[in-house]
Amino acid sequence: MAEHQTGGDGAGARNSVRPEKPVSAETAKIYWRENVKLLCVLLAVWFAVSFGAGILLVEPLNRITLGGFKLGFWFAQQGSIITFVILIFIYGARMRILERRLGIGDEGPEKSRQSSVE
């Protein structure tokens, strides 16, 4: 088994990983404001689909069929779950965009510049 060689101070293991830059208070404030705003929008969409289409509007939607099932029933059983999974992917994509814009996260600013050039 190969051992990791470190200098006398034991800093070798830390040097192999990109050091984290401190995030300014203003950047953190922008990040959390945008994060909470995005979460509120996505949760409102999920609420509208699950509660609105699955419960409140079930009678009008039941007049429409989808794959042999009434649409109101479909939203109550499948629609809210599928919508939630789609919203998870939307959240992940939007957060990656936000992190690149602010120069934080896993990729950091150097990867952001490389991906914008490509």
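Contact, as used below, means heavy atoms within 4.5 Å.

The structure is a predicted model, in which local features need pLDDT of at least 70 and side-chain atom pairs count only at pLDDT 80 or more, while totals for chains, interfaces and linings use all residues. Residues are numbered from 1 along each chain as its sequence is written, and side-chain values use heavy atoms, with hydrogens and water left out.

**Exercise 1. Overall architecture**

Determine how many helices and strands the protein has, and what pattern they follow along the sequence.

Solution. Step 1: helices (H or I, at least four residues) and strands (E, at least two) are taken as DSSP runs, numbered from the N terminus. Step 2: on this basis the protein has five helices and two strands. Step 3: read along the sequence, the pattern is α-α-α-β-β-α-α. Step 4: for burial, residues count as buried under 20% relative accessible area, exposed over 50% and partly exposed in between (1.4 Å probe, protein chains only). Buried residues make up 23% of the 118 residues. Step 5: among contacts with a separation of 6 or more, 57% come from residues 24 or more positions apart.

**Exercise 2. Surroundings of Phe51**

State which residues Phe51 touches, not counting residues up to four places away in sequence, and whether Phe51 is buried, partly exposed or exposed.

Solution. Step 1: Phe51 is found in helix 2. Step 2: beyond the excluded neighbours, Phe51 touches Trp46 and Leu56. Step 3: a relative accessibility of 32% is why Phe51 counts as partly exposed.

**Exercise 3. The nonpolar cores**

Identify the residues of the largest nonpolar core and the elements that give two or more residues to this core.

Solution. Step 1: a nonpolar core is a set of buried Ala, Val, Leu, Ile, Met, Phe, Trp, Tyr and Cys residues joined through side-chain atoms within 4.5 Å. Step 2: the largest such core has seven residues, namely Tyr31, Leu38, Leu42, Leu87, Met95, Leu98 and Ile104. Step 3: helix 2 (25-56) and helix 4 (71-102) are the elements that give two or more residues to this core. Step 4: apart from this core lies another, of five residues, including Val49, Ala53, Leu71 and Phe75. Step 5: returning to Tyr31, its contacts, leaving aside neighbours within four places in sequence, are Met95, Leu98, Glu99, Leu102 and Ile104.

**Exercise 4. The second largest pocket**

Describe the volume of the second largest pocket, which residues line it and how that lining divides by residue class.

Solution. Step 1: on a 1 Å grid over the protein atoms alone, a pocket is an open set of points where a 1.4 Å probe fits, with protein on both sides within 12 Å along at least five of seven lines; lining residues have an atom within 4 Å of a point. Step 2: the volume, the space filled by probe spheres set on the points, which are joined across faces, edges and corners, is about 170 Å³. Step 3: the lining consists of Glu34, Asn35, Lys37, Leu38, Arg94, Met95, Ile97, Leu98 and Arg101. Step 5: Ala, Val, Leu, Ile, Met, Phe, Trp, Tyr, Cys and Pro count as nonpolar, Asp, Glu, Lys and Arg as charged, and the others, Gly among them, as polar. The lining accordingly divides into four nonpolar, one polar and four charged residues. Step 6: Asn35, in helix 2, is buried, with a relative accessible area of 4%. Asn35 touches Tyr91, Met95 and Leu98, not counting residues up to four places away in sequence.

**Exercise 5. The salt bridge**

Find which residue forms a salt bridge with Lys37.

Solution. Step 1: a salt bridge is a side-chain nitrogen of Lys or Arg within 4 Å of a carboxyl oxygen of Asp or Glu. Step 2: the structure holds one. Step 3: Lys37 pairs with Glu34, the closest N and O atoms being 3.7 Å apart. Step 4: because Lys37 and Glu34 are three residues apart in helix 2, about one helical turn separates them. Step 5: Lys37 is partly exposed, at 47% relative accessible area, and Glu34 is partly exposed, at 24%.
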